[in-house]
Amino acid sequence: HIESGDVVKLIAQFLKENNLTQTLNALQEETQVSINAVPDVNQFLSDIRHGRWDNVVERVSDLSLPSEVTVDLYEHVILELAELGEPATAKALLHQTPALTQWLKRNEPNRFLRLDQLTQRTHFDAEEAYGKGTNRDKRRHEIADTLKTHIVQVEPNRLISLLADALKWQRYTGKLGLSTSKYDLFVNQLLLRPLHPNLPPNPPNL
């Protein structure tokens with residue numbers, strides 16, 4: 001039995017890989033099915049643990065994570081930017097990330113205000129920012145461990161690969177024969193080859 005949700009995920013991956021963003025967003029919104037998949041889980045987690053935030057943010061923008069998880073991640077990125085002496089970038093990220101401006105500001109306004117104040121300071125206090133008993137690297141590993149439970153690794157072009165395997169099986173079982181003619185996947189039939197290269201496969205009767 002094939003779950004309809006799995007079919008949606010295959011289609012969603014195909015749309016994503018072919019940059020059909022609007023169609024992908026419409027599909028995910030209507031079906032409420034998302035693909036929290038990355039090409040390489042270990043590389044993604046390594047990027048988090050080593051603070052390669054450009055790569056992480058790019059990947060996360062395509063995922064549908066719980067709001068709390070997204071907030072924890074972006075909050076940490078903002079703290080690291082502040083620590084690196086980039087308060088303007090940190091402040092811009094704070095006020096331009098929907099998870100922060102909407103979910104965090106509404107549900108934990110004091111936490112949002114604290115972040116806003118930290119991005120305005122010229123002095124960075126690591127203990128105040130990350131909390132007692134922890135530090136930047138520990139927080140990176142904690143965030144990586146959390147995200148690990150929400151993502152999967154999927155090979156690219158899964159839909160095309162499965163269709164290709166299905167055609168190979170049909171040819172193996174004799175349903176397609178051994179013809180090298182082009183196959184119309186949608187109507188499920190072989191396209192006849194023209195006898196002459198300049199004539200259509202099925203010339204009209206005159």
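So, how much accessible surface does the chain have, and what share of it belongs to carbon and sulfur atoms? The accessible surface comes to about 14,000 Å², and 52% of that belongs to carbon and sulfur atoms. Those areas come from the Shrake-Rupley method with a 1.4 Å probe, and for residues only the protein chains shown count as cover.

A quick word on what you're looking at. This is a predicted model, where local features need pLDDT of at least 70 and side-chain atom pairs count only at pLDDT 80 or more, while totals for chains, interfaces and linings use all residues. Residues are numbered from 1 along each chain as its sequence is written, and side-chain values use heavy atoms, with hydrogens and water left out.

Okay, the overall picture. The chain has eleven helices and four strands; these are DSSP runs numbered from the N terminus, with helices (H or I) needing at least four residues and strands (E) at least two. Of the 206 residues, 30% are buried, meaning under 20% relative accessible area, with exposed being over 50% and partly exposed in between (1.4 Å probe, protein chains only). Take the contacts with a separation of 6 or more: 55% of them are between residues 24 or more positions apart. Contact here means heavy atoms within 4.5 Å.

Now to the helix packing. Helix 5, residues 67–83, packs with helix 6 at an angle of about 160°, their axes 7 Å apart. Axes are lines fitted to C-alpha atoms, for helices over the stretch in contact, and angles run from 0 to 180 degrees between N-to-C directions. That makes helix 5 roughly antiparallel to helix 6, the word for angles over 145 degrees. On the helix 5 side, the contact is made by Tyr74, Val77, Ile78, Leu81 and Ala82, and on the helix 6 side by Pro87, Thr89, Ala90, Leu93 and Leu94. By class, that's nine nonpolar, one polar and no charged. Nonpolar covers Ala, Val, Leu, Ile, Met, Phe, Trp, Tyr, Cys and Pro; charged is Asp, Glu, Lys and Arg; the others, Gly among them, are polar.

Next, helix 6 (residues 87–96) against helix 8 (residues 109–118): the angle is about 155° and the axes are 9 Å apart. So helix 6 is roughly antiparallel to helix 8. Here Lys91, Leu94 and His95 of helix 6 meet Phe112, Leu115 and Asp116 of helix 8, which gives three nonpolar, one polar and two charged residues.

Last stop: Val57, in helix 4 (residues 53–60). Val57 is partly exposed, at 24% relative accessible area. Val57 and Tyr74 sit 17 residues apart in sequence, and their C-alpha atoms are 8.4 Å apart.

Technical notes:
Angles under 35 degrees count as roughly parallel, over 145 as roughly antiparallel, 65 to 115 as roughly perpendicular and the rest as oblique.
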